[in-house]
Amino acid sequence: MTATPKPQTPLFVDGVLDDTTKAAEIDLAERLAAAKTAKDRVRQLRRRQRRIRRRAHLRALRKGARITAMYGLIGNGLIFFVIAGSLLINGQVGGLAWFAGGAAAWRTAASLRR
């Protein structure tokens, strides 16, 4: 009994290879598009987070500057009042102008508090 060899048939018959190749190309294209979309979304979220952080830092900076200016003006007003008091006690001219300067500094500090 001799074995008859099987006829050689191609692995993919009648365009099956073409269909498989097309399906693989479509799948690859879909995956690349999904990866690009994900990268774009990550970039968008990073930009948004940068804007939020920048806004928070600027808000903190403005608040710190306002507080610093407020306490600086309060201190300035106190110095003006001390100078005005010493001028009035010693009988010097100009004590009232120093009182006005101290009052203006305190009024400005009070407006910065809001």
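A residue counts as buried under 20% relative accessible area, as exposed over 50%, and as partly exposed in between (1.4 Å probe, protein chains only). The structure described here is a predicted model, in which local features need pLDDT of at least 70 and side-chain atom pairs count only at pLDDT 80 or more, while totals for chains, interfaces and linings use all residues. Residues are numbered from 1 along each chain as its sequence is written, and side-chain values use heavy atoms, with hydrogens and water left out.

## Overall make-up

The protein contains two helices and zero strands. Helices (H or I, at least four residues) and strands (E, at least two) are taken as DSSP runs and numbered from the N terminus. Helix α1 covers residues 16-89, and helix α2 covers residues 95-113.

Of the 114 residues, 9% count as buried. The accessible surface, computed by the Shrake-Rupley method with a 1.4 Å probe, comes to about 9800 Å², and 63% of this surface belongs to carbon and sulfur atoms. A contact is defined by heavy atoms within 4.5 Å. Among contacts with a separation of 6 or more, 51% are between residues 24 or more positions apart.

A salt bridge here is a side-chain nitrogen of Lys or Arg within 4 Å of a carboxyl oxygen of Asp or Glu. A search of the whole structure finds three of them. They are set out below.

| Pair | N to O distance |
|---|---|
| D27 and R31 | 3.2 Å |
| D40 and K36 | 3.1 Å |
| D40 and R43 | 3.0 Å |

D27 and R31 both lie in helix α1, four residues apart, which is about one turn of the helix. D27 is partly exposed because its relative accessibility is 34%, whereas R31 has a relative accessible area of 58% and is therefore exposed.

D40 takes part in a bridge with K36 and in another with R43. Because D40 and K36 are four residues apart in helix α1, about one helical turn separates them. D40 and R43 are three residues apart in helix α1, so they too are separated by about one helical turn. K36, D40 and R43 are thus linked in a network of salt bridges.

K36 has a relative accessible area of 54% and so counts as exposed. D40, at 30% relative accessibility, is partly exposed, and R43 is partly exposed at 42%.

## Helix α2

Helix α2 has 19 residues and reaches 27 Å from its first C-alpha to its last, close to the 27 Å expected at 1.5 Å a residue. The expected span is 1.5 Å times one less than the number of residues in the helix.

Which residues of α2 are buried? They are G95, G101, G102, A105 and A109. These residues cover an arc of only 120° around the axis, so they lie on the same side of α2. The arc is that of the directions from the helix axis to the C-beta atoms. On the other side of α2, L96 and A97 are exposed.

A110 also has its place in helix α2. A110 counts as partly exposed because its relative accessibility is 23%. The C-alpha atoms of A110 and I74 are separated by 8.7 Å, although the two are 36 residues apart along the chain.

## Aromatic pairs between the helices

Rings of Phe, Tyr and Trp (its six-membered ring) pair if their centres lie within 6.5 Å; planes under 30 degrees apart count as stacked, over 60 as edge-to-face, and the rest as tilted. The structure holds three aromatic pairs. One of them joins F81 and F99, whose ring centres are 5.6 Å apart and whose planes stand at 50°, so this pair is tilted. The pair links distant parts of the chain, with F81 in helix α1 and F99 in helix α2, 18 residues apart. F81 is partly exposed at a relative accessible area of 22%, and F99 is partly exposed at 28%.

The rings of F81 and W106 have their centres 4.7 Å apart and their planes at 65°, so this pair is edge-to-face. Here too distant parts of the chain are linked: F81 belongs to helix α1 and W106 to helix α2, 25 residues apart. W106 has a relative accessibility of 37% and is therefore partly exposed. F81, F99 and W106 form one aromatic cluster.
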